[in-house]
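User: I am new to this structure and would like to learn how to read it. Please take me through some features one at a time.

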Amino acid sequence: MKIKKCIFLFLIIFLSLSFFKIISEKIFAKVQTQTDKTQLRHEVVVTLKLVQVYVTDKKGNPILDLTKDDFVIYDNGKKQDITEFEKYVLSFPSLEAEDKLKIIKETPLQPDRELMSRKFFLFFDFAYNNAKGIIKAREAALHFIDTQLQPSDKVGVLSFSSLKSLTLHEYLTTNHQKIRQIVEKSGIKEITGRAENFEAEYWQAVADENPKDASKAGWVFDKPDPGIISRQRKESLVQILNFTQKMIELAKAMRYTPGHKYIILFSSGVPYTLVYGIQSPYRYQEKYEIGENIQSWGETLLKQRYEEMLKELSASNCAIYALDTEEARITLEADLRMTGAFSLEKMASETGGKYFGNINKYEKHLEKIQNLTGSYYVLGYYIDEKWDGAYHKIKVEVKRPGCKVHAQKGYFNSKPFSEYSQLEKQLHLVDLALSEKPLFLTPLRFPLATLSCSVDKEANLCLIAKIPLEKIQEILEGKVEIISLIFDSAENIVDLRRGEANFSQLPGENAYYYSLFSLPPGSYKCRLVIRNLETGRGAVGSSSATILETKKKGIELYPPLLLSPEKNAIYVKGLPPKKSAQRFASLSLTDYFHYDTTQYSPYIDDSLQRNSTVPAVVVCSIFDISAPEVEISASLIEKSSGETIPLTVSVLSDAKKKDKHIFFIHIQIRALPQGEYALNLVAKEKTSQTESQVTKIFKIK
């Protein structure tokens, strides 16, 4: 019995231990899973925060030999681990002989590892300015573009006038030639930039307004409500209030653009006395004159708005570099309190910028701006991303004695798109539609093809996009807008179409969006933007195309439409142009590319499979040739060696429509080594012995 009891007790202990082990393993596995999930969730919301830092000595000369270990950075009082460090010396500081530093090699520009570039806004003030000042401002801006900008610098153009309020002519771009074209027109006639055109045409498309009406409201910023202040107030006071309010809105919208923003302001400034009054006796001829002298403390509302403007600009890391355009004669003769010099000085000092008097010395002033902004450090550290819009204070210290640190004072957390102001949403869209590397949110990318397809008046350019429904599902849920943009060689908008679509109910993995355009001969850049109107998430497709001049005689071959064997693909037709809506309404993709849409879909990828058969539609036009006979051939040209490899082309069908021949062909891709190739197609007309060819770059996989 004792033995049985021992065995029984042993079994109980064994089972208990086994049960405990199983339970422990399950609990540990559960805890580990939760830990993994927590870590994963933590990794998802962790983001890299980048801070631009300028370090100078006591004389204001840049210090260029610091290392990561020389810096200490605090975020809301908490010391951060600096994980990223870059030093940029974009230009050598121009120093006096006794102030010269030891020679340091200039940092080469390497876009592939670039953390943060400089961002400038050229700001033309037409309200507080004079004719000579506007001319000098234009000269100074052009000089800055031609001599001080680096290829990686992003530049935008703003202006303020009593009629148009605050206007965004061009958002931040590295296309400095486009910026130059805009600046050249400043002060002569109305400035027109891509951003301004885009914004006006976008809202016209949204509201379906008459173009004449849209032109009256072609600004990013609304005009002020004259009822916000008393009608008895002077027009100048209304203008100042308008200026400060719009600058506040601009500063708030700039919160989420990373890094420093440098606003080079060309202005004679807001008269200081209109805001802050006169705190000493001064003969002043006005209706409210008290005897012969007055003691004015300014306008309370204006002072509040002006101070708020300075705080918002500073909090958004927008530094004002003010170039005073007032005539030197007036500056010498007038009481400075009656001019805008003090106002400009206050704007510059409060935002971390600098005031420069006498616009005639702009070359020296702009060189100083280059010295102040051209040599800087970028510090990076990781933070937990929180979408609450909260403000974080930043403090940067340098361990080396005698250094003066100039860094952004803080930053704002991102916030949900639904909480964006109207201006913020508009800047977001301008950034998404026009920038190669948008600052607000990085968009998803999808393939886009643009094919010239005819010389007909109805349509000669076809835009085709492959929209990956599953890949961009989060963008397509809810209210979505789709915008097509066509730019000419000068990057002017020649066509903009906007509509709302519901992609969420479409079946399958992909949908093919297409739209037809009628354009004059020239080179074009095309962009298709899909944006969720509730979350702000976006997807962008980009391509380019060339429309050729019509030939008097001969043959013209157009780029081929390659196909893939996909059955019953989903097609979405874009909106026709308003001016030709009836003509375009009946046109479809198969009117220009004859193929069975139930068996094939457009192939828009940039790679081809070796040892495969590629279906394609080839279109060519015939000019002044009777009974033409067309022969299609193809070859591949290997990029590195230049070797030409003939391909086998099988013509499955040949359709004639007016003066066009439309071929449905198969191209045999041989078993070639992987690499980059040029697919060359040739159409030869036998009777006239004329030929035409097109080339497209592909990768062979």
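User: Not counting residues up to four places away in sequence, which residues does Ala-678 touch?

Analyst: Contact means heavy atoms within 4.5 Å. By that rule Ala-678 touches Ser-635, Leu-636, Ile-637, Thr-695, Lys-696 and Ile-697, with residues up to four places away in sequence not counted. Before going on, note that this is a predicted model, where local features need pLDDT of at least 70 and side-chain atom pairs count only at pLDDT 80 or more, while totals for chains, interfaces and linings use all residues. Residues are numbered from 1 along each chain as its sequence is written, and side-chain values use heavy atoms, with hydrogens and water left out.

User: Is Ala-678 buried or exposed?

Analyst: Buried means under 20% relative accessible area, exposed over 50%, and partly exposed in between, with a 1.4 Å probe and protein chains only. Ala-678 counts as buried because its relative accessibility is 12%. Ala-678 is part of strand E32 (residues 675-685). In the protein, 49% of the 701 residues are buried.

User: How many helices and strands does the protein have?

Analyst: Helices (H or I, at least four residues) and strands (E, at least two) are DSSP runs, numbered from the N terminus. The protein has 14 helices and 33 strands.

User: At what angle do the axes of H2 and H3 cross?

Analyst: Axes are lines fitted to C-alpha atoms, for helices over the stretch in contact, and angles run from 0 to 180 degrees between N-to-C directions. Under 35 degrees counts as roughly parallel, over 145 as roughly antiparallel, 65 to 115 as roughly perpendicular, and the rest as oblique. The axes of H2 (residues 131-147) and H3 (residues 176-184) cross at roughly 170° and come within 10 Å. H2 is therefore roughly antiparallel to H3. On the H2 side the contact involves Arg-138, Ala-141, Leu-142, Ile-145 and Asp-146, which meet His-176, Ile-179, Arg-180, Val-183 and Glu-184 in H3.

User: How many residues are in the largest nonpolar core?

Analyst: A nonpolar core is a set of buried Ala, Val, Leu, Ile, Met, Phe, Trp, Tyr and Cys residues joined through side-chain atoms within 4.5 Å. The largest has 51 residues, and Phe-121, Phe-123, Tyr-171, Met-247, Met-309 and Leu-313 have the most contacts inside it. Helix H6 (residues 235-253) gives the largest share of this core, 9 residues. Leaving aside neighbours within four places in sequence, Met-247 is in contact with Phe-123, Leu-166, Met-309 and Leu-313. Another core, of 33 residues, lies apart from it and includes Phe-144, Val-183, Tyr-262 and Tyr-321.
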